[in-house]
Amino acid sequence: MKKLLLINPVGRKSGFLSSRSTTYPPLSLAYVAALTPSDWQIKILDENFDDFVFEEADLVGITAFTSNINRAYEIAKFYRAKNIKVILGGIHASMLPDEALQFADAVVIGEAENIWGKVIRDFENNALMQQYKGEVVDLTKLKITPRRDLLHPDYFWQTVQTSRGCPLNCNFCSVSRYLGRQYRQRTSEDILKEIEGIQGDYIFFADDNLIGYGKEAFQRAKDLFSGMISRKLNKKWWMQTSINAAEDEEVIKLAAEAGCLFVFIGFETITTDSLKSFKKGVNIKVGVDNYKKVVDVFHKYGIAVLGAFIIGSDYETSEYLKQLSKFLLKSSIDIFQISLLTPIPGTDLIEQLKKEKRLIYTNYPSDWDKYRFSYVVHKINGSTPELIYTASNFIKKNLYSFPTYQIRLLKSFLNIQKLTNWAAVYKINQGYKKAWKNSHYYSKYPSKLPRN
């Protein structure tokens, strides 16, 4: 049998990859494995858990984000030096296929489902092309079950994807360009069948927005949650959704009854100027003053909230960053993801900063290592990298130091009043705390902000 080796590269086990609770299996590779003909032997090598050891293979497939693309290139060069064909895919290679082709024999651009069969046939016929463009997939007709049996068994979360695409096109996000601006959904029945076959109790819905946009999407979410309840699937899970999900309490109530532990919401910032620059229209519509009301709706049904915030925009003074820290502590949000604004390939943000000649690190591809949401990689109007690193330390120290951290956890328990959900809050908080202490700036910069 021919052997296909699929690789999930990891450049460094720092940041979010330093904790099992904030690390997720490479679902895309499990889909590629499921698309591969049965006369192939398939293995997934996952550097989240396994050290790299060379294995013989007829064909190697590697997926990567921008943050780990150089590790992908390193592995690709290693195999090509042994005359083994390498195919690169994933969001970074899709955004920069010409760069990726310097290190691979072929690049798969976009979604693999409608093109992978041709890739395999061309390889078998010694007619591999350099680029393959995957067409947008009709998810209502996608009946493929990912090969979870090939994923590493030590992952805490099993991943399920139910939709693709995003109409919002925030300027720091590449999802709209990668997967399109049309919000495409699998049917609730197909999703329920997949969940029934999953071993393990904990699931992460990998959608950028599980509940979606508009009445039809909200109804599909209700059907999905109702099905999980009626079938007694007894899974504990979390999802990403938009701030407007709180407008429909019925969907939140059903999510809670279906086993939702917490939700990830991109609040991003507490300044309207930054929201406008991010093109975060849905947040502007809801209003920063109503952020706590959104959190309270989820708490009403025992669901915790993981709030994502970004620092490093052009509208942040030392005083603002202090105000942000105070806001976070008063917000009742249970878990915080604080990342640095990062212009990744495929975003409007990186194109804007290129035109304005504000990118600091442009020695690509080597400098992509710094594009991992913990480095300041562009010139910030009115601020400096030193201020942003200091602000990140200042905010996180306030969040995780005694006694503030303990008080936050106690308030979280009193707000959600579900021990299992609170246990998840504690575990994820510990993961983010560990990620902060493993960050490159933790010990290099102070944790006290200067006066303006």
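Buried means under 20% relative accessible area, exposed over 50%, and partly exposed in between, using a 1.4 Å probe and protein chains only. Helices (H or I, at least four residues) and strands (E, at least two) are DSSP runs, numbered from the N terminus. This is a predicted model, where local features need pLDDT of at least 70, side-chain atom pairs count only at pLDDT 80 or more, and totals for chains, interfaces and linings use all residues. Residues are numbered from 1 along each chain as its sequence is written, and side-chain values use heavy atoms, with hydrogens and water left out.

Start at strand β13, residues 304-311. Of its 8 residues, 8 are buried, so β13 is largely enclosed by the rest of the structure. Both faces are covered. One side carries Ala304, Leu306, Ala308 and Ile310; the other carries Val305, Gly307, Phe309 and Ile311.

Next come the partners of β13. Two strands pair if DSSP finds at least two bridges between them. Strand β12 (residues 260-268) runs parallel to β13, with 6 bridges. Here Phe262 has Ala304 of β13 as its bridge partner. Strand β14 (residues 335-340) also pairs with β13 in the parallel sense, over 6 bridges. Phe309 stands opposite Ile338 of β14, and Ile311 is bridged to Leu340.

β14 is buried at 6 of its 6 residues, so β14 too is largely enclosed by the rest of the structure. Ile335, Gln337 and Ser339 lie on one side, and Phe336, Ile338 and Leu340 on the other.

Now the helices. α13 (residues 318-330) packs with α15 (residues 385-400) at about 20 degrees, their axes 10 Å apart. Axes are lines fitted to C-alpha atoms, for helices over the stretch in contact, and angles run from 0 to 180 degrees between N-to-C directions. That angle makes α13 roughly parallel to α15 (under 35 degrees; over 145 is roughly antiparallel, 65 to 115 roughly perpendicular, the rest oblique). Contact means heavy atoms within 4.5 Å. α13 contributes Ser318, Leu321, Lys322, Leu324, Ser325, Leu328 and Leu329; α15 contributes Leu387, Ala391, Phe394, Ile395, Asn398 and Leu399.

Finally, an open sheet of 6 strands has the order β2-β1-β3-β4-β5-β6, with parallel pairing. Its edge strands, β2 (40-46) and β6 (131-134), each pair on one side only. The twist averages 20 degrees from one strand to the next. Helix α1 (residues 27-35) packs on this sheet and touches β1 (2-8), β2 and β3 (59-63). The direction of α1 makes about 165 degrees with that of β1.
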